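Here is a short report on one protein. Look over the sequence and the model before reading on.

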Amino acid sequence: MFLIVLVLLILAGIGAAIASGKGRNPWGWFALCFLFFLPAFIVLLFLPNIKKQELENSKQCPECAERVLKEAMTCKHCSYKFSGNEKIASSADKSVNESLGI
Ligand SMILES: [Zn+2]
């Protein structure tokens, strides 16, 4: 019995690590993977990466370096007006992409 619980804890930890990498709540997924390992693990593998989606749907303000929606014409943090034809990707975007392995 102890061995089964130990194996489930380890597998739940793996599930939590995968969930964290996809921008999901690691503690919630740890509990789900511990209680329902196989169904929860299968669902987790097919869930999209939240961090990647947020990066794709946002751009970085050149004035304050905060991220705003891609469609935004004005930065909500500093009121910078986007012209619409400026270069969106910056060195900060590249470093974020590299950290995500994109
Ligand atoms: Zn700004």
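What share of the 102 residues in the protein is buried? Buried residues make up 12% of them. A residue is buried if 20 or more other C-beta atoms lie within 10 Å of its own, exposed if 12 or fewer, and partly exposed in between, with C-beta atoms placed from the backbone.

This is a predicted model: local features need pLDDT of at least 70, side-chain atom pairs count only at pLDDT 80 or more, and totals for chains, interfaces and linings use all residues. Residues are numbered from 1 along each chain as its sequence is written.

**Overall layout**

The protein has five helices and two strands. Along the sequence, the pattern reads α-α-α-α-β-β-α. Helices (H or I, at least four residues) and strands (E, at least two) are DSSP runs, numbered from the N terminus. Contacts are pairs of residues whose C-beta atoms, placed from the backbone, lie within 7 Å. Of the contacts with a separation of 6 or more, 34% join residues 24 or more positions apart.

**Helix H2**

Helix H2 spans residues 26–35, and its buried residues are Trp29, Phe30, Leu32 and Cys33. Among the elements that cover them are helix H1 (2–21) and helix H3 (37–46).

**Two loop residues with positive phi**

Ala65 lies in the loop between strand E1 (58–60) and strand E2 (67–69). Ser79 sits in the loop between E2 and helix H5 (91–100). Neither is a glycine.

| Residue | Phi | C-beta neighbours within 10 Å |
|---|---|---|
| Ala65 | near 70 degrees | 12 neighbours |

How values were computed:
Contact = placed C-beta atoms within 7 Å.
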